[in-house]
Amino acid sequence: MAYNKRHDNRKPDETRPIIAKAGIIPKADGSGYFKIGNTEAYAAVYGPRELHPRSKQDPKQGLLRCLYNMMPFSGQGNRVRPGPGRRSKEISMVMENALRPVLDLEAYPNAVVDVFVELPQTDAGSRCAAITAAAIALADAGLKMRDMVAAVAVGVVDDAQVVDLDYEEEAWKEGEVADIPVAMVPSTGEITLLQMDGKVEKEQLLAALALARPAIERIAEAQRAAIRQRYEDVMTQVVANGGSKAADEE
Amino acid sequence: MNDAVKEHINQSLKKGVRLDGRALDEFRKISIETGVVATAEGSARVMCGETEIIAGVKMEVGKPFPDRPDSGVLMVNAELRPLSNPDFEAGPPDIESIETARVIDRGIRESKAIDEKSLCIKEGESVWMANVDVCPLNHDGNLIDIGALAAMAALKNARIPTLDKNGQPDYHAKTKQKLELSATPITITIVKIGENFLVDPTQDEMDSADARLTVASLEDGRLCSLQKGGSGALTLEEIERMIDLAVEKGSELRALIE
């Protein structure tokens, strides 16, 4: 029996409902929020700021440092013990690799850009949500970027190619499952994150990957809308406060 | 922090003015949402001004402590993650995380609001362990009070999961059974800056404080935990004033989660 009908009635290429926001953490230099189904990520950017220890500083370029963390109550099973484990360290590293290609870190020599991501609840796809929220935060912080990065998991569940697997699909018992998180530069289609867990034939893998780009373009549109909304909010505030500084000087 | 800001806070307070225009005994606007985390057994998001905290309850099954075979376990932990403030660093919990967690924990624990015997599943073998984790998303002061309020709101929101045939929790099948809470302890911190006593300090006010006193109190005005903080000293008269103010503010905040 193939997986013809998804358990939550989604179409094969349909993601769960998404919400994207920018500028939700006032203490941060930039912040982003991304929710897809019941997977929720908050990202904060601090920097560019001075890198310590100074021996790690690079006069040619700034350093991007990501930290992925699941809140203790965010897992599907028992409490997640706080502190970095192998999994969160690896995800933090692949996040850096996923985001680095769109950043112009040569503009920030000797500095560090810290990206902290916290997940209050997860239902699969958490590294993709983390990357998507982080890209919003980097743009909100005003860093030089040549495009966004958006991410989604695609996969093969019991011979069917689907987008944005949830926990139930990842744990599907009645057939083989391959879970393939993908991050992409939306305007070029370049892939900056690719992982796969599961058993799959090459043709199926390629068919699943073909589903990624349309979904990623929709996610990227939500990211851009979040940033636009953020600046509309700022403008509204400026007007409410009696006009911008520039207007005062005129 | 910047000495000039501290000086400004001090000078303004001499005229009875706070930088954000509040009265000395006035909280920022508080909003509370419960049931915000699908994976937790109970959860709450509390915003107080720009301080925003998520608290979640995770119910696990474990072995009771040998000296208390018929008692479950309540644990409050605070994760002051670097996402929420530029002063927080990644790494193991620092002393501020630990103190925040322990002060919130003691306010709830010592109130005996949760009867730990009611968390017993089978004496000597298995008990419920209620883990409350307090996670700030944006830290602009008063983490102890807002964290404690979020923790209580999350505990009130919690539903116990069903047990499978191996006696392990089935997290996808919550019951309607709430945790038995017999009281609502509320934790309030009063800070002393010069001759003034303030509630709900922002981060700048906290950094300017000479001393603070955190007081957890109950509906009937009894106190269930105290913590003096900061390097300044307090007189007995000052402590009495601070306790009175904390109990008064405690009943205001209690009304928000009842």
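Helices (H or I, at least four residues) and strands (E, at least two) are DSSP runs, numbered from the N terminus. The structure is a predicted model, in which local features need pLDDT of at least 70, side-chain atom pairs count only at pLDDT 80 or more, and totals for chains, interfaces and linings use all residues. Residues are numbered from 1 along each chain as its sequence is written, while chains are lettered from A and ligands numbered from 1 in the order in which they are written.

**View 1. Overall fold of chain A.** Chain A contains six helices and ten strands.

**View 2. Helix 2 of chain A.** Because 15 of its 15 residues are buried, helix 2 of chain A is largely enclosed by the rest of the structure (buried: 20 or more other C-beta atoms, placed from the backbone, within 10 Å of the residue's own). Just after helix 2, A:Gly142 takes a positive phi of about 80°.

**View 3. The side of chain A that touches chain B.** Here 25 residues of chain A are in contact with 29 residues of chain B (C-beta atoms, placed from the backbone, within 7 Å). Strand 5 of chain A gives the most to this side, with four residues.

Terms used
Buried ≥ 20, exposed ≤ 12 C-beta atoms within 10 Å, placed from the backbone. Contact = placed C-beta atoms within 7 Å.
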